[in-house]
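I shall ask you to look at the sequence and the structure together while I speak.

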Amino acid sequence: MPTFVYMTRCDGCGQCVDICPSDIMHMDSVVRRAYNIEPNMCWECYSCVKACPHNAIDVRGYADFAPLGHSVRVQRDEEKGVIAWRIIFRNGEKDMTLLAPITTKPWGKYIPKLADETEPSQEMRDSQHLFNEPKYIRLDDGGLHTLESNGLKLKAGVYY
Amino acid sequence: MAYKTIIEDGIDILVAGAGLGGTGAAFESRYWGKDKKIVVAEKANIDRSGAVAQGLYAINCYMGTRFGENNPEDHVRYARIDLMGMVREDLLFDMARHVDSTVHQFEEWGLPLMRNPKTGAYQREGRWQIMIHGESYKPIVAEAAKKSADKVFNRVCLTHLLMDESKPNRVAGAVGFNVRTGNYHVFKSKAVIVAAGGASNIYKPRSVGEGAGRVWYAPWSSGSAYGLLIGAGAKMTQMENRIVLARFKDGYGPVGAYFLHLKTYTQNCNGEEYESNWWPQLQEMVGKEYLDPEASSLTHRPIPTCLRNHALINEVNAGRGPIHMITMEAFQDPHLEEIGWHNFLGMTVGQAVLWAATDVDPKNENPELTTSEPYVMGSHATGCGAWCSGPEDISPPEYFWGYNRMTTVEGLFGAGDAAGGTPHAFSSGSFTEGRLAAKAACKYIDDGKAEGIRISDEQIEQRRAEIYKPMEHYRVYRNEITAGSVNPNYINPRQGLDRLQKLMDEYCGGVTVSYMTNDKLLHIGLKKMKVLEEDLEKIAAENIHELLRAWELKHRHLTSEAVMQHTLFRKETRWPGYYYRGDAMKVDDQNWHVLTVSRRDPETGEYTMEKAPCYHLVEA
C-alpha cells in the first residue's frame, strides 16, 4: 500500500495512472487493473483516490505506524464544486463527515487568456510592474513599492 | 534502442517543472511575450504536480497591503530574523511587493479564500498566513498555465540543460525523457526558467519500510531544481541552510494553523512549558541580536523557527519527551475542531489517516510532536538555491547582472525552490517569482541576448546515451545472476537512495546524530559521496519507471554534495536547530555574516566556494 485498488471496482480506465504525481499508479498487464507499484514512494496525497470515477481506490495507513481498521474516504465533485470527507476511527467511536468548497467559480472561465490582453506599453515593459499591476496589488490607486517610496536604503554587513 | 527522439525547436521560453513556480512563469510569459513560443515540461501531470499537488489549507505569504496590514519591508524583517540574518533582501522585497497581486488573482480565478466577517479582510491565521479552502489550489493555477503555454509536455522528466556552443555559459534548452513512453525529448530554447522542486528524501527519513514515502515534503520533489542548475555550472547559494520541521509525529501534519489560529501550545512529558528554559544557554550561543525573548514579546518579533527546534530537540535529548501539542482545550470548540481536521484534509491527508488508525482524537488526547529529517529547499522557510540577479531598482552591484532572477548562466532563470536566498515565498511567492522570471526572460530575448544559439547533434546524442545508460547497464549485466536484486555490477535506484540517505544522515547532521556534524565527518562524507558518484555511473534501471528514479537519485546526489560542501565551508552553527557544527557551535557574525556561494565545475566536478556580502535594505 498505502493506496490500493479494489479488484471488483476498477475497470482499468487509467485516470489514476494519468494523475499520480509520483508515477506509481500503473496498470497490471495481466488483469488490466490499476495498482500501486511502489508503496514506499506514495505520499497518501489522495490525487488518485479523488480522480477515480468508481471509488475503486482506497488508502490503508502506512504499515510502519498505522494499525488496520480505519477509513478516510473522499468524494470530489467538480460540478458542484465541493469535496466531502468521511473519517471513521479504528475503534468506531468517531465517525465524521466534513464538507468543503473546492472552487467558487466554474473551472477556467475566469482565468484571463493573456494573449487577448492589450499589448503592454514600452513604459510598462521598462517598469517593475507585472500583469495587472499596480492595480491588483492594492486594487485601488497607488504605485508599486520601491526603496525610495518606503524610505529604505541599502546597507552592507552586519545589521539586525 | 527503440525510443523515438522528439525535438521541439524554436522555443522562446522553456519552463522546467510546473509546480507553483512553473505555472506562474508560464502564465506571465504570455503577457510579455504574446508571440513567443512558450513550452512547459513537467515530469508528472500539471493538474496535480509539485508540492501543492494534494492541496494547501493556507496561503503562507500575503502582505495585505490593501487592508493596511503589512508592507514588503515588514516581510523582509520577518524573514531575515527567522533565517538568523541571512537572506537576499533585494529578492525578498521584490517578491513581497508583487505577491498580493498574485493572491488577488487567485481569488478572482475561483480559489476559495476565507474572509474575516468583522473586518472584511482575508481571514488571517497569523501575520503572514491567510486561510483558504485549497484542495483544488493546484488544478486552478494549472488552468492558468495551460491557457498561456503553447504546449505542455506532461510526464517528461528533464535530466540536463542544453548549453549553447556558440557562446560559453549560455543555456540553450533542455533534454529529458517521457516516463511512460520512454521517448527522448529535446527542447531547443532561447531561455529556460527552472522551477523544478527542492529535495526531499536526501536524508534518511524517520519513516521506514512501506511508509518511507511519508515525509514532510513531497517524495517526488527530487532536488531537480538544484540538480539541473548545478549540472549546468550555475552558482548556488545557502545550500547549507537545510530545514528541519517540528510536526505532528509520524503523520507530519502541519502545525501552523494549530499554533497560530487554534492557539494550541506545547508541553513536555511532565506537562511543563519547556522552551524558555533553553533560552539563556542558547542566547550565549547565538547572541542577543537573534534571541531576545523580552524584546520579542514587546515587539512581536518572532523567535527564529530553528531556535524553537533547538529547544524541542534538547528537551527530548534531556529525557523529557514526548513533546505534546495541547489540543484538548481548543478542540472543545466545535468550530475550531472542524478547522483542525480540515487543515489536514486540505493538505496532509496522511495525518488524518494516522489519527483515525491510532484512535487519537485530539479533542480527548494531546497528540505528539517531533522534529523531521532535514530538507533542502528554497521556497518554504529556508533559502537554498541558485545565486540569482535581483531587480534593477533595488539590487547592489554584486547582486545585479541585468535580468531579474537570472542565474549566473546566461538565459537561465530560477523561481520557487530554484531561486536562492529567498525563503518564506511559499506557494504564492513561488508563483510570483515565476512571474518575475518570466518578464525578465522575455526582456532578455527581446534585447537580442539569445541570438545565434547553436546546439550540435553531438551534444544531443551524447546526452541521449547518458540518459539511457542505466537501462543499457541493466541489460548487459542482468543475466549474470539468477534472480533477485543483488548484482556485483550494479545497484538499483532504491539501493542507491538508501545509501545516499544513510550517508547524509550520519555525516551531514541527520536525525540519528541529532543534526550534529563537524569538519572531520564532512570530509569523510564528501569522500563517500564521490565513491557513490562512481557507483551512480553503474546504476541499473529495469524499466522506464526505474529510469525516472535513477535520474531523480542523480539530482539528489548533486544536491547532497552541494549541501556538504557548503556546510563544510561555513565554519559556524548559523542555524542551531536545523544543524550543528560540533566544532564551531557559536554563531560567528564577525566572519560569517555573509552569504555562501558555490560553483561546481561541470567538467571536473570540483567545487569553488566564496563568500558574498549580505546587504540589508531595511532598518530593524
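This is a predicted model: local features need pLDDT of at least 70, side-chain atom pairs count only at pLDDT 80 or more; totals for chains, interfaces and linings use all residues.

In which helix is the place of Trp109(B)? Trp109(B) has its place in helix 3 of chain B.

Is Trp109(B) buried or exposed? Its relative accessible area is 3%, so Trp109(B) is buried. If we set aside the neighbours within four places in sequence, the residues in contact with Trp109(B) include Lys105(A), Tyr110(A), Ile111(A) and Pro112(A). From chain B, the contacts of Trp109(B) include Phe27(B), Ile140(B), Val141(B), Ala144(B) and Phe431(B). Please also find Glu143(B), which is 34 residues from Trp109(B) along the chain, with 9.4 Å between the two C-alpha atoms.

Helix 3 of chain B covers residues 89–109, and it packs with helix 12 of chain B, residues 426–446. The angle is about 105°, and the axes are 8 Å apart. The two helices are therefore roughly perpendicular to each other. On the side of helix 3 of chain B, the contact is made by residues including Asp94(B), His98(B), Phe106(B) and Trp109(B) itself. On the side of helix 12 of chain B, Phe431(B), Glu433(B), Arg435(B) and Leu436(B) are among the residues that take part. Sorted by class, this contact of helix 3 with helix 12 of chain B has seven nonpolar, seven polar and three charged residues.

A second pair of helices follows. Helix 13 of chain B, residues 457–477, packs with helix 16 of chain B, residues 544–569, at an angle of about 120° and with the axes 9 Å apart. Helix 13 and helix 16 of chain B are therefore oblique to each other, and their crossing is right-handed. Which residues of helix 13 of chain B meet helix 16 of chain B? They are Glu466(B), Ile467(B), Tyr468(B), Pro470(B) and Met471(B), and they meet Ile544(B), Leu547(B), Ala550(B) and Trp551(B). The residues of this contact between helix 13 and helix 16 of chain B comprise eight nonpolar, no polar and one charged.

Next, consider helix 2 of chain B. Why is helix 2 of chain B, residues 72–82, described as largely enclosed by the rest of the structure? The reason is that 10 of its 11 residues are buried. Among these buried residues of helix 2 of chain B are Glu73(B), Asp74(B), His75(B), Arg80(B) and Asp82(B). The elements that cover the buried residues of helix 2 of chain B include helix 3, helix 9 and strand 20 of chain B. After helix 2 of chain B comes Met84(B), with a positive phi near 55°.

Asp359(B) is not a glycine, yet its phi is positive, about 55°; Asp359(B) is found in the loop between helix 11 and strand 13 of chain B. Arg405(B), likewise not a glycine, has a positive phi of about 65°. Arg405(B) lies in the loop between strand 14 and strand 15 of chain B, and its relative accessible area of 0% makes it buried.

There are also cis peptide bonds to point out. One runs from Glu133(A) to Pro134(A), with omega near 0°, and Pro134(A) sits in the loop between helix 3 and helix 4 of chain A. Another joins Gly321(B) and Pro322(B), with omega about -5°; Pro322(B) is in the loop between helix 9 and strand 12 of chain B.

Thank you for your attention.

Conventions:
Residues are numbered from 1 along each chain as its sequence is written. Chains are lettered from A and ligands numbered from 1 in the order in which they are written. Side-chain values use heavy atoms; hydrogens and water are left out. Axes are lines fitted to C-alpha atoms, for helices over the stretch in contact, and angles run from 0 to 180 degrees between N-to-C directions. Helices (H or I, at least four residues) and strands (E, at least two) are DSSP runs, numbered from the N terminus. Angles under 35 degrees count as roughly parallel, over 145 as roughly antiparallel, 65 to 115 as roughly perpendicular and the rest as oblique. Contact means heavy atoms within 4.5 Å. Ala, Val, Leu, Ile, Met, Phe, Trp, Tyr, Cys and Pro count as nonpolar, Asp, Glu, Lys and Arg as charged, and the others, Gly among them, as polar. A crossing is left-handed if the near helix is turned anticlockwise from the far one by less than a right angle, and right-handed if clockwise. Buried means under 20% relative accessible area, exposed over 50%, partly exposed in between (1.4 Å probe, protein chains only).
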